[in-house]
Every structure is written in structure tokens, then in C-alpha cells.
Amino acid sequence: MTFNRAIKIAPSILAADFANFGAECRAIEAMGADWVHVDVMDGHFVPNLTFGPAMCAALRPHIKGVMDVHLMISPVDVYLEAFANAGADVITAHVEAGPHIHRTLQAIRGLGKKAGVALNPGTPADAVAELLDMVDLVCVMTVNPGFGGQGFIDSQVAKIASLRAMIGDRPVHIEIDGGVTVTTAPLVSRAGADVLVAGSAVFKGGSVTAPQAYGVNIRAIRAAAEAARG
Ligand code: DX5
Ligand code: ZN
């Protein structure tokens with residue numbers, strides 16, 4: 001993974017066909033996805049359950065590019081090694097998941113992985129001020145985490161702009177997660193985001209047997225985001 005700020009589209013497989021994850025990962029990459037975003041939920045930190053490291057390991061052979069693992073779990077530290085061994089490229093933990101996010105990020109990098117820190121909508125940008133030299137990615141949640149298909153929270157756009165200024169010239173991605181569509185992508189890319197997670201907006205209208213719609217959706221979101229950057 002070489003760092004650049006080109007717009008990257010990271011489809012969330014939370015919106016894929018759960019009976020066909022391998023084929024779905026292959027389909028979205030073939031249709032232009034840059035990263036594959038894997039939403040891990042524990043029914044405790046967030047009110048939903050998805051999957052764990054065994055699923056990530058099973059998906060790994062079906063993903064050529066970046067496997068971007070978003071951990072919505074607490075505690076988190078005890079599971080980091082398992083997700084690293086499962087082949088995650090980026091491991092993102094929430095700043096709200098416990099008192100020791102600094103230790104968590106050290107551990108992720110210690111495992112040889114890119115480290116991400118995520119902020120819920122109610123958490124201010126300042127919460128990551130002491131962490132910017134030890135992360136590769138800041139994930140701004142533009143919905144409350146737990147479910148796909150929710151509406152974008154507009155107040156987060158100002159937070160993205162604040163983070164962009166705080167990050168300065170550090171090689172740190174700003175990832176947006178939740179409610180990204182052709183309508184909201186321009187708002188976040190203009191504010192400084194470069195990695196756009198999208199579940200519903202990528203998978204709508206397509207399937208593993210008719211994946212062309214995924215390509216249409218990915219290209220539309222990318223074009224909207226790039227145009228807004230000027
Ligand atoms: C929410 C997840 C998101 C979600 C995005 O907890 O982290 O990745 O799946 O889904 P959409 O794009 O449908 O809002
Ligand atoms: Zn996510």
C-alpha cells in the first residue's frame with residue numbers, strides 16, 4: 001500500500017449477499033472497487049452482530065487488494081492478533097471502544113498492519129489530536145455505527161474539514177463511513193476525505209450474477225467525489 005490521496009472507493013460487504021461473500025468480493029474488485037471494507041460488530045459496542053476473524057481469513061483469498069477491517073467491538077485488543085493473522089491490511093479501532101486507544105494503535109502497527117482510528121458522530125475531532133502521528137487512517141462515521149442504509153449526518157462535514165487541517169501533510173487517509181452516495185460524496189471529498197466507504201449505494205441494483213450495476217455505482221460515486229475536489 002503506497003500512500004496517496006486519490007479518491008478510493010471501499011464497498012462495505014455489509015450490503016453484499018451474505019450467502020456469497022467470496023463471489024461478492026471478487027465482483028466488486030472486478031467492477032472497480034479500490035478497497036474492500038469489512039464491518040466487524042460485536043452486539044456490545046454496537047447493537048448488531050456480523051462476523052469475526054474466521055470470516056476475514058475466508059475472504060482473504062477472494063480479495064486481491066486492500067482488506068480494510070473496521071472493528072466495532074469492545075474490548076478490542078484481545079482480538080487484534082487474530083484479525084492480523086486473518087490477513088487484514090488496515091485495522092481500524094474506535095476511539096470510544098475503551099480507555100487505551102493509544103495502546104491499541106501501537107499494537108496494530110506492532111503487528112505490521114496499517115492502523116486506523118474511528119470516531120462516532122458524537123465524538124469531536126480533538127479526540128484524535130494526540131494520535132495523528134501513529135495512525136495511517138482516521139475514519140469519520142457519518143452515521144451511528146451498527147447498520148447499513150442509514151441517512152448521512154450532515155454535521156460531520158465540518159469535522160472532516162477540521163481533521164484535514166489537523167492532519168496537515170502527514171500521510172494519513174481520511175475515510176468516511178456511512179450514508180455515502182453520489183449526493184453526499186462531493187460534500188466529504190471537498191472537505192478533505194479520500195477513502196469513501198459505501199454499502200447500499202454500491203450494491204444497489206446488482207448481484208453476483210449481474211455485477212455491472214456495481215461498476216456503474218462505483219464510477220458514479222468516484223466521479224462525484226473527484227468533481228467536487230476541483
Ligand atoms: C456502519 C458501517 C458502515 C455501513 C455503511 O456501522 O460501519 O460501513 O455498512 O453502509 P451504508 O453505505 O449503507 O451507509
Ligand atoms: Zn464500516
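In this predicted model, a polar side-chain atom of Asp-39 is placed 2.6 Å from an oxygen atom of ligand 1. A backbone contribution comes from Gly-179, which has a polar backbone atom 2.8 Å from an oxygen atom of ligand 1. The surroundings of ligand 1 comprise 20 residues, of which Asp-39, Gly-146, Asp-177, Gly-199 and Ser-200 are the closest.

Asp-39 and Asp-177 also take part in the metal site. The zinc ion (ligand 2) is coordinated by NE2 of His-37, OD of Asp-39, ND1 of His-70 and OD of Asp-177, at distances of 2.0 to 2.3 Å. Six donor atoms surround the zinc ion, and the arrangement is irregular because the angles that they subtend run from 65 to 167°. Along the chain, the donors of the zinc ion follow the spacing H-x1-D-x30-H-x106-D. Asp-39 belongs to strand S2 (residues 35-41) and Asp-177 to strand S7 (residues 173-177), so the pair ties together parts that lie 138 residues apart in sequence. Asp-39 counts as buried because its relative accessibility is 4%, under the 20% limit for that class. Asp-177, with a relative accessible area of 7%, is buried as well.

The largest nonpolar core consists of 64 residues, and Ile-13, Val-38 and Leu-196 have the most contacts inside it. Another core, of eleven residues, lies apart from the largest one and includes Ala-10, Val-90, Met-141 and Val-143. When neighbours within four places in sequence are left aside, the residues in contact with Leu-196 are Lys-8, Ile-9, Ala-10, Ile-176, Val-180, Ala-185, Val-188, Ile-221 and Ala-225.

Helix H1 (residues 21-30) has seven of its ten residues buried and is therefore largely enclosed by the rest of the structure. The buried positions of H1 are Phe-21, Gly-22, Glu-24, Cys-25, Ala-27, Ile-28 and Glu-29. Just after H1, Gly-32 adopts a positive phi of about 110°.

Notes: Residues numbered from 1 in each chain as written. Chains lettered and ligands numbered in written order. Predicted model: local features only at pLDDT ≥ 70, side-chain atom pairs only at ≥ 80, totals over all residues. Heavy atoms only, no water. Core = buried A, V, L, I, M, F, W, Y, C linked by side-chain atoms within 4.5 Å. Buried < 20%, exposed > 50% of the residue type's maximum accessible area, 1.4 Å probe, protein only. Contact = heavy atoms within 4.5 Å. Donors = N, O, S within 2.8 Å, 3.2 Å for Na, K, Ca; no water. Tetrahedral: all angles 85-135°; square planar, octahedral: opposite > 155°, others 65-115°. Helix = DSSP H or I, 4+ residues; strand = E, 2+ residues; numbered from the N terminus. Near = heavy atom within 4 Å. Polar contact = N/O pair within 3.5 Å; in protein donor to acceptor, adjacent residues only side chain to side chain.
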